[in-house]
Amino acid sequence: MEAATTRAVSAGVELHGVSKTFRDGRRAVQVLKDIQFTAEPGEFVSVIGPSGCGKSTLFKLVAGLERADTGTTEIAGKAVEPGDHPVAYMPQKDLLLPWRSVIRNVTMPLEIGGLGKSEAIERARKLFPIFGLEGFEDAYPFTLSGGMRQRAALMRTVIQERPLMLLDEPFGALDSLTRTEMQEFLLDVWDRFGHTIVFITHDIREAIYLSDTIYVMTARPARVRMKISVDLPRPRNIDVITAPRFTELEAELLHALREENRQQEATI
Amino acid sequence: MSVISNIRARSASGVATADGAAAEVEWVPSWSERRREAMVYLPGLLLPIAILVVWQLYVSAANVSPTVLPTPIRIVTQLYEQREIAWINTAQTLEEMAVGFVLSVIVALLIAFVMDNLRWVRNALYPTLIASQTIPVIAIAPLMIIWFGFGLLPKVLLIVLVTFFPIVVALLDGFAATEREAMDLLRTMGSSRLQTFRLVRFPGALPNFFTGLRISATYAVLAAIFAEYVGAYHGLGIWMSQSKSSFRTDLVFGAIGICALISIALFALIAIASRFVMPWHYAARRKG
């Protein structure tokens, strides 16, 4: 089959004893403290925690945008060096460039990687039907709805064919119906391409519905409070949220998060 | 007229406007809408006409001497009679402005690019640039004549000096407004600084660039006239000065009128260029 529809080579991530401190004027703010984190190849791992706890910093370390003060970050058993770009990153904002058509937004990472424009467009074109955006290749992003924009942004992430995808609250700004559709859609994409996905969210249900494993972070400085394996059968559809096991997991996570939120507020 | 008739199937290229997965359509304005759109420009046209009419009536009724204040009709007819001289002077001013303004834009783009990419250049250059804007044109223009003579060079230099600064400031503001997250995203894609500049920072600053350009355009006309006023062989500025000295007030007004037309034409040219360069900007604005 063509490159666009083949499964990606997935890679695991391992963080050992990772800490990170930022300077805020004269104050040192420790954001991450002794993080232990693992995602197996092909696994869907979610990270939840109080807002502002440092989840995005964790992503920046894995994406090579920041360097950890201590500890090691390994992807596919190899330490991440500055200048490495082992992951495809999808931020909360779609960040589609308004002056580029949808397809040129999608091809941008390929063009940055040095692929010719026409070749990049050829490759992107094959993805459009999968992402339900056929016919919108030459449209400007502002003409698309929120869900369509997010699908385009996801396409821009998938096309990079990196073994690991980091999704930072990608559906946070969507209305609940669109959000549910996007979650189902993401599971389809994951099933088709088989990436390792690390997913940041605030939404407990979203985390349970999507993930194999969930990490709950503590209030700042963030540590791993607990790690839960979501033992719900796959393939899942949205009806799974009424399963008794789902409700149990939800209650467990909710309690843990509320406690952390309270501590977070106490420190502010 | 029904709504349906306003919608025309879209060809393969162009801007698609569609919220759902429905058909891609283009909005074709009806005649009544076009008339409404034209009405927007009408007051802008009516006001100067009204002023000219009042002017004409007052001067004829009060019997003012043409040396003090000529009627608009006299200005136009005299300008027509002197059309060859008028054209020689206009052509000269247009040449100065074209060379000066194009050079100014190039200089501004280069300076802004370097300042955006090298922090120390930015820190070193900014105070001097701001200081350069406090130099009064009135003082520097005669000096330019002393240094560079009566030819094209001093005019072009003065135009560049006066017009490049608003463009540089607008560009730097535009570059700085680039979203941090967008830069981070491109870095994860392996983008180099130069690629990020080309792909995100520069296109994102284009709306600012055109705003700076519009401000500069009005300065450009002023600078050209002023540079000529203090010394030139030809040009609208020196023609104004000569006409004033020979009490040809009508021709002074004629030259002023030509200057106004040049300004408006330059403004329109920039507006057309910005629509051509940033169709996405205007399409997005129309929508919301």
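Modeller: A salt bridge here is a side-chain nitrogen of Lys or Arg within 4 Å of a carboxyl oxygen of Asp or Glu. The model is a predicted one. Over all chains, the whole structure holds 23 salt bridges.

Start inside chain A. A:Glu206 pairs with A:Arg179 in a salt bridge, with 3.4 Å between the closest N and O atoms. A:Glu206 belongs to helix H6 (residues 204-210) of chain A and A:Arg179 to helix H5 of chain A, so this pair ties together parts 27 residues apart in sequence. Both partners are buried. A:Glu206 has 2% relative accessibility. A:Arg179 has 16%, and the cut-off for buried is under 20%.

Next, a local pair. A:Arg245 and A:Glu248 form a salt bridge, their closest N and O atoms 2.9 Å apart. Both residues sit in helix H7 (residues 244-267) of chain A, 3 residues apart, or about one turn of the helix. A:Arg245 is partly exposed, at 27% relative accessible area.

B:Asp184 and B:Arg187 meet through their side chains in a salt bridge, at 3.8 Å from N to O. They lie 3 residues apart in helix H7 (residues 180-188) of chain B, about one turn of the helix. B:Asp184 is buried, at 7% relative accessibility. B:Arg187 is partly exposed, with a relative accessible area of 35%. Shared partners link A:Lys60, B:Arg180, B:Asp184 and B:Arg187 into one network of salt bridges.

Chain A and chain B each give 31 residues to it. Together they bury about 2700 Å², with 65% of that on carbon and sulfur atoms. Three residues, A:Trp99, A:Ile112 and A:Phe142, supply 27% of the area chain A buries against chain B, more than any other three. The interface of chain A and chain B has 3 salt bridges. A:Lys93 and B:Glu181 also join their side chains in a salt bridge, at 3.4 Å from N to O. Between the two chains there are 7 residue pairs in polar contact. On the side of chain A that touches chain B, strand S6 (87-90), helix H2 (102-112) and helix H4 (146-158) of chain A each supply at least two residues. H2(A) gives the most to this side, 4 residues. By class, the side comprises 18 nonpolar, 6 polar and 7 charged residues.

Now the contact within chain A. The domain assignment gives domain 1 (3-86 + 167-267) and domain 2 (89-161). Their C-alpha centres are 24 Å apart. In the contact, 20 residues of domain 1 meet 17 residues of domain 2. The two domains bury about 1600 Å² between them, and carbon and sulfur atoms give 75% of this. Strand S7 (164-168) and helix H5 (176-193) of chain A are the elements that give two or more residues to the domain 1 side touching domain 2. H5(A) has the largest share, with 7 residues. This domain 1 side has 13 nonpolar, 4 polar and 3 charged residues.

How values were computed. Residues are numbered from 1 along each chain as its sequence is written. Chains are lettered from A and ligands numbered from 1 in the order in which they are written. This is a predicted model: local features need pLDDT of at least 70, side-chain atom pairs count only at pLDDT 80 or more; totals for chains, interfaces and linings use all residues. Side-chain values use heavy atoms; hydrogens and water are left out. Domain bounds come from an automatic or database domain assignment. Contact means heavy atoms within 4.5 Å. Buried area is the accessible area (1.4 Å probe) that two parts lose on being put together, summed over both. Ala, Val, Leu, Ile, Met, Phe, Trp, Tyr, Cys and Pro count as nonpolar, Asp, Glu, Lys and Arg as charged, and the others, Gly among them, as polar. A polar contact is a pair of N or O atoms within 3.5 Å; within protein, one must be able to donate a hydrogen and the other to accept it, and residues adjacent in sequence count only if both atoms are side-chain atoms. Buried means under 20% relative accessible area, exposed over 50%, partly exposed in between (1.4 Å probe, protein chains only).
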